[in-house]
Amino acid sequence: MCPKIRIKFAIYRLTSEQVVSEGISTNSDFSEVYFAVQSIADAIRHQDKEKLLQLLRTKTTTPYLRTLLNTFKTRVKSIVYALYSPLLNGRIEGTIRKIKQIQRTAYGYRNWQHLRDRIYILNLYLKLKKKTNS
């Protein structure tokens, strides 16, 4: 859904590119942070270790960008390992989501064993359902 801007009784619909363009043109700090974050994301997306390390070494006067770069610098070893690792955390995140859904649906179990049993039952059901669909 496009954001609407009302100017003198006329409504203009903006595309996402126009919203970004308007946002970064309002302040030079926004522009610097936006392009730096896009460059870092691009380096991570293309698994370019050298470009990522070069971007993390850049000097900046913007406090928000400095905070972001310092956070990345403290975790650079883990980030570089994650670039080349074939492992993903999607299955774990999905399991955590299922457990939270069970807790919400049941409004909390009185006994921890009941919650654990319910999680096991759900996992067995999903495994059986997956096998029958294959």
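These legends accompany close-up views of charged side chains in a predicted model.

**View A. Asp42, Arg45 and Lys51 are linked in a network of salt bridges.** Look for aspartate 42, which pairs with arginine 45, their closest N and O atoms lying 3.6 Å apart. Aspartate 42 also meets the side chain of lysine 51 in a salt bridge, at 3.1 Å from N to O. A search of the whole structure turns up 3 salt bridges.

**View B. Aspartate 42 and arginine 45 share helix H2.** The helix covers residues 28-45, and the two partners sit 3 residues apart along it, about one turn. Arginine 45 has a relative accessible area of 56%, so it is exposed. Aspartate 42 is partly exposed, because its relative accessible area is 24%. Lysine 51, which meets aspartate 42 in a salt bridge, is likewise partly exposed, with a value of 29%.

**View C. Arginine 116 pairs with aspartate 117.** Here the closest N and O atoms of the salt bridge are 3.6 Å apart. Arginine 116 counts as partly exposed at 30% relative accessibility, and aspartate 117 counts as partly exposed at 32%.

**View D. A patch of positive charge gathers on the surface.** Its members are Arg91, Lys127, Lys130 and Lys131. Helix H7, residues 112-133, gives the most to this patch, with 3 residues. Lysine 131 is placed in helix H7. Its relative accessibility is 64%, so lysine 131 counts as exposed.

Notes: Residues numbered from 1 in each chain as written. Predicted model: local features only at pLDDT ≥ 70, side-chain atom pairs only at ≥ 80, totals over all residues. Heavy atoms only, no water. Patch = residues over 30% accessible without salt bridge, like charges linked within 9 Å, V, L, I, M, F, W, Y side chains within 5 Å. Areas by Shrake-Rupley, 256 points an atom, 1.4 Å probe, with all protein chains shown as cover. Salt bridge = Lys/Arg side-chain N within 4 Å of Asp/Glu carboxyl O. Lys, Arg positive; Asp, Glu negative; His and termini not counted. Charge placed at Lys NZ, Arg CZ, Asp CG, Glu CD. Helix = DSSP H or I, 4+ residues; strand = E, 2+ residues; numbered from the N terminus. Buried < 20%, exposed > 50% of the residue type's maximum accessible area, 1.4 Å probe, protein only.
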